[in-house]
Amino acid sequence: MKKKKEKTPRQAMPEQAAEVRRRNFDEVPLGFPEELAMLEASRCLSCKKPACVEGCPVSVDIPAFINKVKEGDFTGAILKIWEKNSFPAVCGRVCPQENQCEGNCIVGKKDKPVAIGSLERFVADWARNQNDIPMPPIEKKTGKKVAVVGSGPGGLTVAGDLIRKGHEVTVFEAFHKPGGVLVYGIPEFRLPKAIVAHECNFMEKMGVKFETNVVVGQTITVDELLNDEGYDAVYIGVGAGLPRFLNIPGENLMGVYSANEYLTRSNLMKAYRFPEYDTPLVTGEHVCVFGGGNVAMDALRTSMRMGSDDVKCIYRRSRDELPARGEEIHHAEQEGIEFFFLHSPLRFIGDENGWVKAVELQEMQLGEPDDSGRRRPEPIPGSVKTVDCDLAIIAVGAGANPLVTSTTDGLDTNKWGYIVANEETGKTKKGQVWAGGDIVTGAATVILAAGAGRGAADSIHEYLTWGW
Amino acid sequence: MYQILSKTELAQGTVVANEIHAPKIAAKAKPGQFIILRVNETGERIPLTMANTNEERGTITIIYQVVGKTTALLASMSAMDHLADVVGPLGRPTPIEKKGTIICVGGGTGVAVLHPITKGFKEAGNHVIAIIGARNKDLLIMEKEMKAASNELYVCTDDGSYGHHGFVTDVLKEQLEKHGAAVKEAVCIGPVPMMKFCSKVTKDFGIPTMVSLNAIMVDGTGMCGCCRVQVGDETKFACVDGPEFDAHKVDFDGLSARLTAYQKQEKEAMDAYQKKCSCSTEA
Ligand SMILES: Cc1cc2nc3c(=O)[nH]c(=O)nc-3n(C[C@H](O)[C@H](O)[C@H](O)COP(=O)(O)OP(=O)(O)OC[C@H]3O[C@@H](n4cnc5c(N)ncnc54)[C@H](O)[C@@H]3O)c2cc1C
Ligand SMILES: Cc1cc2nc3c(=O)[nH]c(=O)nc-3n(C[C@H](O)[C@H](O)[C@H](O)COP(=O)(O)OP(=O)(O)OC[C@H]3O[C@@H](n4cnc5c(N)ncnc54)[C@H](O)[C@@H]3O)c2cc1C
Ligand code: SF4
Ligand code: SF4
Ligand code: FES
Ligand SMILES: [Mg+2]
């Protein structure tokens, strides 16, 4: 009898080579073939007390679905995942797994953790290509009407959950396409838009109505939805869609963009396919992106794909503090993005036509930890340099857009303008109104927005059923 | 959805009016507000002001000058065609109150934007003096409508082919000299240089003045910051903080510069479009 089996290493998902993909918008990782997925699944120890599940904000039953993958029962696997997570194809791609499920995986203590995200993605992608997966049962119509404001992952979760419970659901979206950040923010090469469209179509098949081109607060208000349109409950999931700028001189020069604008033009409006699509976008010779989160990585990698060779990430802390997903940083480095750590912009310098041509940077050093527990960046006196920059993208965070809150009576907001809502139920101070996702927590993650949506859907269902 | 119900050519076909079915917007729109539309699936989003709305018919009217690819494409649509998307009403409505005498100045297609505001001020009980201008007689639009919407109407053309020979600023100055402090507010809407010069004139007279800024926009809901304009020492988003602002604080030169950001691509798009159009008509 063999004493010890040869350990299977973590299986790497095949991906496009860096030198090729840095010039195209096709997805970077290509997905697991079935054999690789099953091999990777075999690395899971099926823990009795799975630590990975604790790391997942929505408690996907990870060992159970991975077991099904081991057995080759992919239908079983997807049904398991769906119990907790409506968007595995999305989450498998964009969750910060290293801080969540995979960060907790026991195998990761000695070896690399089980590739939970990649397996989730594999199962979801497999399921999308089948046509005999049973539709989730839809309960008898209740006659109750729910309005969902915003079609990001939070709003979509609420819509999907409540339609199954037999309620009538209409999603109102300001843009012309549903999906929220999944369509306007996260680029095609990281999350193909066909996947988001598939999820939305699936919702429509279940009976969810989508009304795009409706800006709640302008086209119609929350109070009008409740009082005039006969909705029994409203869920607000409008995200954190207010761009933050640096507030430094020269910021209104041409060539200076918020990441929101730059990414909306390229993703939602498909400017990267100009002139086939009409929305224009510029290609920079010298690109500087300010910030170090996922948004910054997306802007960096998009500008590289738009044809730039000199693309810099300007971040005021050090590499260790970069908030982006590990995979994105890794991919960005492979693609040739240059990192300027410990630099902070002082001002933009323009040319005679009003275009940005350079940026002045202050060198920083890390001092004592601040409120966030991270070491505070402080200027090094006298260390200022100027670098060429004809395209600047500002990705230093987002805030709350007041369009909805300022037009709704009796909604409580905190000092940053986010809606005050119960963490578990999403209940706001205003009767019949729930809220969740980025508009409550501030810019966070897809899975947290989806999780908040699930909690709110349960609470809305209780209210519609029992009146509380 | 968003069916074009009628199409009228004004100013020798360089300006087009469309009545569009958009009942939700029609029910909500107020003077000064705009919509953003997308003609088709590959189209860009462009902002246009509602020159009129008809709640009963559930329609809005847009009047636009054909200046590039998207407006050309829009002008090529026939009555009964559908637009891919129309969203609105966007922006803040013009604050309209009874104040006394109001001067409304419009240039070029700005007259279309000015019309509902002028009408609003008159309906609120103000004495409204309207001054409208165009490069020449053929490009002048909405004279009849503006006459009905105001108490006094003055018309100018740059080349003197109709009305006063000269710029709207000349007539504006005359009227301010004539009425003095009775004028409580001026509203000036048109090309950026025109608004800039009108603003200079009214500043000398100390008359509060509003201008409607046509910054480049994408979403129109305050999420991208593309439309930012410098007003006093603040950066404002034209789509949600405006489009109307205190003329005496606006950085018109900064606005003019930002409006040129995509000139190269706009020309490329228009050239390709015109080439395609001429091919298809030949075939
Ligand atoms: C570029 C970028 C990259 C990101 N990368 C990641 C990642 O890799 N992993 C991750 O987990 N998270 C990532 N995030 C964060 C994540 O996308 C968000 O936390 C999540 O999408 C929030 O979901 P939500 O449902 O709260 O709202 P959103 O996704 O923000 O959607 C809100 C929707 O509401 C609509 N809306 C807004 N106002 C109105 C109104 N007045 N009326 C009608 N509709 C309105 C908006 O148009 C939008 O469609 C990223 C975010 C960005 C911007
Ligand atoms: C609030 C607002 C209301 C407006 N109302 C009217 C109106 O009632 N009638 C009218 O004729 N025009 C109006 N405009 C201007 C109109 O949006 C532009 O003329 C139009 O977008 C040009 O598109 P194009 O593709 O045909 O031309 P292009 O050749 O692409 O552009 C011509 C010029 O128009 C401007 N422009 C281009 N794209 C945009 C954009 N996305 N947003 C704003 N400006 C842009 C630029 O300065 C550009 O150089 C308004 C603009 C704003 C911001
Ligand atoms: S939803 Fe996200 S955190 Fe949860 S298991 Fe899937 S990838 Fe991991
Ligand atoms: S912690 Fe790791 S090994 Fe254990 S069940 Fe979860 S994925 Fe499998
Ligand atoms: S157009 Fe995007 S913020 Fe105004
Ligand atoms: Mg255009």
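Chain B and chain A bury about 3500 Å² between them, and carbon and sulfur atoms account for 53% of that area. On the side of chain B, Met223(B), Arg228(B) and Tyr262(B) lose the most area to chain A, together 19% of what that side buries. The model is predicted.

**The interface of chain B and chain A**

- The size of an interface is often expressed as the accessible area that is lost when the parts come together.
- Contact between the chains involves 40 residues of chain B and 45 residues of chain A.
- Three salt bridges are counted between chain B and chain A.
- A salt bridge joins the side chains of Lys69(B) and Asp278(A), with a distance of 2.7 Å from N to O.
- Between chain B and chain A there are 21 residue pairs in polar contact, with both residues at pLDDT 80 or more.
- Several elements of chain B each supply at least two residues to the side that touches chain A, including the helices α1 (23–28), α2 (69–75), α8 (252–258) and α9 (263–282).
- The strands β6 (85–90), β13 (228–231) and β14 (234–237) of chain B likewise each supply at least two residues to that side.
- Of the elements of chain B, β6(B) gives the most to the side that touches chain A, namely six residues.
- Sorted by class, the side of chain B that touches chain A consists of 16 nonpolar, 12 polar and 12 charged residues.

**The domains of chain A**

- Chain A is divided into domain 1 (18–128), domain 2 (145–241 + 398–466) and domain 3 (245–394).
- Between the C-alpha centres of domain 2 of chain A and domain 3 of chain A the distance is 30 Å.
- To their contact, domain 2 of chain A brings 13 residues and domain 3 of chain A brings 15 residues.
- Domain 2 of chain A and domain 3 of chain A bury about 1200 Å² between them, of which 56% comes from carbon and sulfur atoms.
- Tyr184(A), Phe189(A) and Arg190(A) supply 49% of the area that domain 2 of chain A buries against domain 3 of chain A, more than any other three residues.
- Two salt bridges are found across the interface of domain 2 of chain A and domain 3 of chain A.
- Arg190(A) also forms a salt bridge with Glu328(A), in which the closest N and O atoms are 3.2 Å apart.
- Four residue pairs, both residues at pLDDT 80 or more, are in polar contact across the interface of domain 2 of chain A and domain 3 of chain A.
- The side of domain 2 of chain A that touches domain 3 of chain A comprises six nonpolar, three polar and four charged residues.

**The surroundings of ligand 1**

- Ligand 1 is surrounded by 34 residues, the closest being Val94(A), Gly154(A), Glu173(A), Arg190(A) and Val216(A).
- Glu173(A) places a polar side-chain atom 2.6 Å from an oxygen atom of ligand 1.
- Ala174(A) has a backbone N or O atom 3.2 Å from a nitrogen atom of ligand 1.
- Ala444(A) has a backbone N or O atom 3.2 Å from an oxygen atom of ligand 1.

**The surroundings of ligand 3**

- Among the residues that surround ligand 3 are Cys56(A), Cys91(A), Cys95(A) and Cys101(A).
- The residues around ligand 3 also include Pro57(A), Ile62(A), Asn85(A), Gln97(A), Gln100(A), Glu120(A) and Ile447(A).
- By class, the shell around ligand 3 contains seven nonpolar, three polar and one charged residues.

Note on methods:
Residues are numbered from 1 along each chain as its sequence is written. Chains are lettered from A and ligands numbered from 1 in the order in which they are written. This is a predicted model: local features need pLDDT of at least 70, side-chain atom pairs count only at pLDDT 80 or more; totals for chains, interfaces and linings use all residues. Side-chain values use heavy atoms; hydrogens and water are left out. A residue is near a molecule or strand if one of its heavy atoms lies within 4 Å of it. Ala, Val, Leu, Ile, Met, Phe, Trp, Tyr, Cys and Pro count as nonpolar, Asp, Glu, Lys and Arg as charged, and the others, Gly among them, as polar. Contact means heavy atoms within 4.5 Å. Buried area is the accessible area (1.4 Å probe) that two parts lose on being put together, summed over both. A salt bridge is a side-chain nitrogen of Lys or Arg within 4 Å of a carboxyl oxygen of Asp or Glu. A polar contact is a pair of N or O atoms within 3.5 Å; within protein, one must be able to donate a hydrogen and the other to accept it, and residues adjacent in sequence count only if both atoms are side-chain atoms. Helices (H or I, at least four residues) and strands (E, at least two) are DSSP runs, numbered from the N terminus. Domain bounds come from an automatic or database domain assignment.
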